[in-house]
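Please look over the sequence and the model first.

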Amino acid sequence: MKFSYKNKKITGVLAVIPKNFKTFDEEMENYQADKARIKRLKIVMGYEKHHIVEEGVTVSDLAVFGMEYLFKNNLLKPEEISALVLVTESPDHFLPPTSNIIQGRLNLSTDIFCIDINQGCAGYIVGLMEAFSLLEQPDMKKIVLINADILSRKTCKEDRNSYPLVGDAISITIVENFAENVLIQGEIKMDGSRADVLMIPAGGFKMPSTPETAIIREDKDGNRRSLNNLVMQGREVFHFVQTEVPPLIFDLLNRLKITKNDIDWYLFHQPNKFMVEKLAEEMGIPYEKIPSNIVTNFGNASGVTVPLNMTFNLGEKLLNSTFKVCLAGFGVGLTWGSMIIEIGNFNFCKIIDF
């Protein structure tokens with residue numbers, strides 16, 4: 001699916017990160033493997049530390065904390081909000097929608113449109129698409145896009161394939177109409193026939209959680225997890241990213257009649273350092289234009305790694321400068337999408353601790 005929007009703009013990005021973190025070295029004893037091999041894995045994948053929520057903390061807790069920070073610092077007024085879009089795979093409950101919970105806890109107007117979107121690694125792209133589409137409606141002011149995941153809760157601590165990289169975080173992005181004729185273009189693809197490549201098998205209606213699904217077992221590669229935990233088939237994911245993402249992005253560049261050198265920054269989802277660097281090599285993009293340091297510093301918080309790229313790697317530069325960037329997300333679904341957009345002159349762009 002190809003998409004385009006005009007006269008829309010991101011005006012601020014806030015990331016909220018749990019203060020609690022664990023280092024890879026601290027957790028090395030959890031993994032059933034040769035220690036020398038694990039240390040090599042640390043260097044190649046970029047594992048250093050990951051921020052994870054304390055027991056009992058939910059997506060709505062992080063979102064309310066971030067929204068109240070914006071209100072308190074006069075960066076956003078409650079009456080300016082027309083819609084609240086939440087993209088997460090970590091809802092507080094099966095029902096009601098977590099976006100409604102956030103709206104209620106903040107005592108926002110009942111005229112605000114709330115929607116939850118179940119998406120992961122490409123969630124920021126999907127969320128922006130929804131936000132930009134909502135702005136086509138008359139009388140819309142500001143759309144609040146919250147991208148959030150706390151998947152550490154669903155990842156086995158003995159799984160060296162997934163647990164070292166997973167991190168928890170949320171981002172709050174303000175999107176609004178813009179007077180200048182700025183063109184935003186993108187493309188997104190989905191292939192549910194490969195959905196089992198990234199999956200939490202048990203816990204839904206298809207396979208309810210039971211004492212049996214909670215039993216931790218070891219797979220053929222020595223990774224330990226239960227059916228209640230996140231399962232990532234690493235080789236298949238790597239192959240998918242390297243073969244599907246470059247053609248999609250090059251197609252997008254060709255549509256806009258620009259070259260890869262015309263892009264200032266490639267702000268991609270970051271599964272791990274190795275995968276991003278290999279993607280850069282496949283596309284012929286210099287490492288310095290495609291950051292790969294989010295997992296090292298925070299962990300992989302699914303689609304939130306894209307706005308974390310903005311806040312961590314560009315930060316204050318986005319307050320007074322503008323850049324042409326290529327955003328991309330790829331993973332669970334399987335879903336892969338990209339968007340070329342000009343960002344900058346933000347009202348705020350920062351990271352705060354929860």
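The model is predicted. One of its sheets is open and has six strands in the order E6-E5-E7-E8-E2-E17, with mixed pairing. By the rule used here, the salt bridges number 16.

**The six-stranded sheet**

- Strand E6 (113-117) and strand E17 (348-353) are the edge strands of this sheet, each pairing on one side only.
- From one strand to the next, the twist averages 15°.
- Within the sheet, E7 and E8 are antiparallel and share eight bridges; asparagine 147 has serine 171 in E8 as its bridge partner.
- Helix H4 (residues 98-105) packs on the sheet and touches strand E5 (81-88), E6 and E7. The direction of H4 makes about 140° with that of E6.
- Helix H9 (residues 305-314) lies across strand E2 (8-17), E8 and E17, and runs at about 85° to E2.

**Strand E15 and its partners**

- Strand E15 (residues 322-331) is mostly covered, with eight of its 10 residues buried.
- E15 pairs with strand E14 (residues 265-268) in the parallel sense over four bridges, and with strand E16 (residues 335-344) in the antiparallel sense over 10 bridges.
- Cysteine 326 of E15 is the bridge partner of tyrosine 266, and cysteine 326 also stands opposite isoleucine 340 in E16.
- Three residues separate E15 from E16 in a hairpin, and glycine 333 in the turn has a positive phi of about 140°.

**Aspartate 168**

- Aspartate 168 sits in the loop between strand E7 (142-149) and strand E8 (169-177).
- This aspartate is buried but has no salt bridge. The nearest side chain of opposite charge belongs to arginine 153, 6.3 Å away, whereas a salt bridge requires the atoms to be within 4 Å.
- The side chain of aspartate 168 does have polar partners: a polar contact of 2.6 Å joins it to the side chain of serine 152, and one of its polar atoms lies 2.9 Å from the backbone nitrogen of valine 53.
- Beyond its neighbours within four places in sequence, aspartate 168 is in contact with residues including Pro18, His51, Ile150 and Ala301.

**Glutamine 242**

- Glutamine 242 is found in helix H6 (residues 234-256).
- Glutamine 242 counts as buried because its relative accessible area is 12%, and the cut-off for buried is under 20%.
- Leaving out neighbours within four places in sequence, glutamine 242 is in contact with Met275, Lys278, Leu279 and Glu282.
- A polar atom of the glutamine 242 side chain lies 3.4 Å from the backbone oxygen of methionine 275.
- Between glutamine 242 and leucine 183 there are 28 Å in space, C-alpha to C-alpha, and the two are 59 residues apart in sequence.

**Salt bridges**

- Lysine 42 and glutamate 48 meet through their side chains in a salt bridge of 3.9 Å, N to O. Lysine 42 is buried at a relative accessible area of 18%, whereas glutamate 48 is partly exposed at 36%.
- Arginine 194 forms a salt bridge with aspartate 191, with the closest N and O atoms 2.7 Å apart; arginine 194 is partly exposed at 23% relative accessibility.
- Aspartate 219 and arginine 225 form a salt bridge whose closest N and O atoms are 3.2 Å apart. Aspartate 219 is partly exposed at 26% relative accessibility, while arginine 225 is buried at 10%.

Conventions:
Residues numbered from 1 in each chain as written. Predicted model: local features only at pLDDT ≥ 70, side-chain atom pairs only at ≥ 80, totals over all residues. Heavy atoms only, no water. Helix = DSSP H or I, 4+ residues; strand = E, 2+ residues; numbered from the N terminus. Buried < 20%, exposed > 50% of the residue type's maximum accessible area, 1.4 Å probe, protein only. Lys, Arg positive; Asp, Glu negative; His and termini not counted. Polar contact = N/O pair within 3.5 Å; in protein donor to acceptor, adjacent residues only side chain to side chain. Contact = heavy atoms within 4.5 Å. Pairing = 2+ DSSP bridges. Axes fitted to C-alpha atoms, helices over the stretch in contact; angles between N-to-C directions.
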